[in-house]
Amino acid sequence: MKTNAETNTSSHTNANPAVTGRRALLGGAAALGLAGAAFGGTAHALGGAESKSRSRAGRFQGKSVLVTGATSGIGRAAAKAFAAEGAHVGFCGRRADLGRQVEREIRDAGGEATYIQADVRVAAQVQSFVDRVASRYGGIDVAFNNAGIGGGKLPHEMSVEEWDDVQATNARGVFLAIKYEIPYMLGAQRGVIICTSSSAAEQARPNSAAYTASKRAVQGIVKAAALAYGPQGIRLNALLPGTTDTAFVRPPGIPDADWATYKQAWGPLNVDGLERMADAEEIARAVLGLASDDFPYMTGASVAVDGGSTAGRKMVQPRGN
Ligand SMILES: NC(=O)c1ccc[n+]([C@@H]2O[C@H](COP(=O)([O-])OP(=O)(O)OC[C@H]3O[C@@H](n4cnc5c(N)ncnc54)[C@H](OP(=O)(O)O)[C@@H]3O)[C@@H](O)[C@H]2O)c1
């Protein structure tokens, strides 16, 4: 996580498990917001979905799917997975080079996608993005409001501007997306919206005040909107991923082998249950499931896909007992 709230991944590039283990348990230094564009999720293997996309008419055949924050990580994996199941995907993010690359990868695999540069903090850009996706693909059947940043700092060390940026991206950005998506869904009297919250909404860390607050806000927006628009056939749910191996948590520049070693040590220390991080494709599969027709009675829910991390912790006995 870019937030120590989900992963205690340290911002340090020292991936020695012996060093990082205690740091991880203690919350570590802030990885929140530190992972940059360098990794961009490009290391993830997505070949399975891609190789099937030409032949498979999937659950989302011909549907218009909008994704915010799909230039890397979970959003990128979801955009690819939706396209591989036949969706027409309009997605945004600020990094145009990565956006165009994702668009190219989807098209090369036989899918349909359009990248539109937009910053979810800017109302006019969100409105224009939503309008362009709807106009290009004929409305909006599914929206995955996923763009987000970390920001792991103790409250007294965080600037007001840093706090505001986390809220503007994670909470206000989701509000803006919903604000401009809903009119299209009201017109159609149907639609599905999934918003990325986080296991950190349920499970704070010492340095996660801004992030946890923002992801709880996402849950609040989703619950209220689910009540408001349920009668019009529109479902909204919040997805709470646990720590997921994306640029959000992976320190920039760390070699693959060191990162693999780090992850192996990190899992059992931090995720009671499955004892590992998720990968982006696993979270994307949950997004597609929630967006599909398989859950017609689910709305206003917060769905944790976190390997068991919010279920609780093991009881650890003091040494010698
Ligand atoms: N990885 C985890 O452990 C984890 C766990 C729980 C929840 N999450 C949540 O999952 C979501 C995706 O994160 P990720 O793990 O996939 O990390 P990531 O690879 O850093 O992806 C974040 C995405 O959000 C976009 N974004 C950030 N600020 C934006 C802005 N102002 N306008 C438009 N797009 C913006 C980024 O695109 P640009 O930089 O190109 O704008 C990028 O596409 C986030 O909401 C995050 O809070 C992550």
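Reader: Which residues of E6 sit on one side and which on the other?
Author: First, this is a predicted model, where local features need pLDDT of at least 70, side-chain atom pairs count only at pLDDT 80 or more, and totals for chains, interfaces and linings use all residues. Residues are numbered from 1 along each chain as its sequence is written, and side-chain values use heavy atoms, with hydrogens and water left out. Helices (H or I, at least four residues) and strands (E, at least two) are DSSP runs, numbered from the N terminus, and buried means under 20% relative accessible area, exposed over 50%, partly exposed in between (1.4 Å probe, protein chains only). Both faces of E6 are covered, with Ile234, Leu236, Ala238 and Leu240 on one side and, on the other, Arg235, Asn237, Leu239 and Pro241.

Reader: How many residues of strand E6 are buried?
Author: E6 covers residues 234-241. The rest of the structure largely encloses this strand, because the buried count is eight of the eight residues.

Reader: How many bridges join strand E5 to E6?
Author: E5 takes in residues 191-196 and runs parallel to E6. Val192 stands opposite Arg235. Two strands pair if DSSP finds at least two bridges between them; for E5 and E6 the number is six.

Reader: Through which helix does the chain cross from E5 to E6?
Author: The path is a β-α-β crossover, and its hand is right-handed (with the strands pointing away from the viewer, the path from the first strand over the helix to the second runs clockwise).

Reader: Which residue in E9 stands opposite Leu240?
Author: E6 also pairs with strand E9 (residues 302-305), in the parallel sense and over four bridges. Opposite Leu240 you'll find Ala304.

Reader: In E5, what is the bridge partner of Asn145?
Author: Asn145 is in strand E4 (residues 142-145), where Val142 and Phe144 point one way, Ala143 and Asn145 the other, and all are buried. E4 pairs with E5 in the parallel sense over four bridges, and E4, H6 and E5 form a right-handed β-α-β unit. The partner of Asn145 is Cys195.

Reader: And which residue stands opposite Val142 in E4?
Author: That takes us to strand E1 (residues 64-68), which pairs with E4 in the parallel sense over four bridges. Facing Val142 is Val65.

Reader: With which side chain does the side chain of Asn170 make a polar contact?
Author: Asn170 is found in helix H6 (residues 160-188) and counts as buried because its relative accessible area is 0%. Contact means heavy atoms within 4.5 Å, and Asn170 touches Ala147, Gly148, Ile149, Tyr211, Ser214, Lys215 and Val218, leaving aside residues up to four places away in sequence. A polar contact is a pair of N or O atoms within 3.5 Å; within protein, one must be able to donate a hydrogen and the other to accept it, and residues adjacent in sequence count only if both atoms are side-chain atoms. At 3.1 Å, the partner of Asn170 is Ser214.

Reader: How far apart are the end C-alpha atoms of helix H3?
Author: H3 has 12 residues, 73-84, and 12 of its 12 are buried, including Arg76, Lys80 and Phe82. The expected span is 1.5 Å times one less than the number of residues, so H3 should span 16 Å. That agrees with the actual distance between its end C-alpha atoms, 17 Å.

Reader: Which residue with a positive phi follows H3?
Author: Its phi is near 95 degrees. The residue is Gly86.

Reader: Is Thr310 buried or partly exposed?
Author: Thr310 lies in the segment after E9, and its side chain joins that of Asp306 in a polar contact of 2.5 Å. Beyond residues up to four places away in sequence, Thr310 touches Ser199, Glu202, Gln203 and Ala304. Its relative accessible area is 31%, so Thr310 is partly exposed.

Reader: How many disulfides does the structure hold?
Author: A disulfide is a pair of cysteine sulfur atoms within 2.5 Å. Cys92 counts as buried because its relative accessibility is 1%, and Cys195 because its value is 0%. The number of disulfides is zero.

Reader: What percentage of the residues of the protein count as buried?
Author: The protein has nine helices and nine strands. Of its 321 residues, the buried share is 54%.
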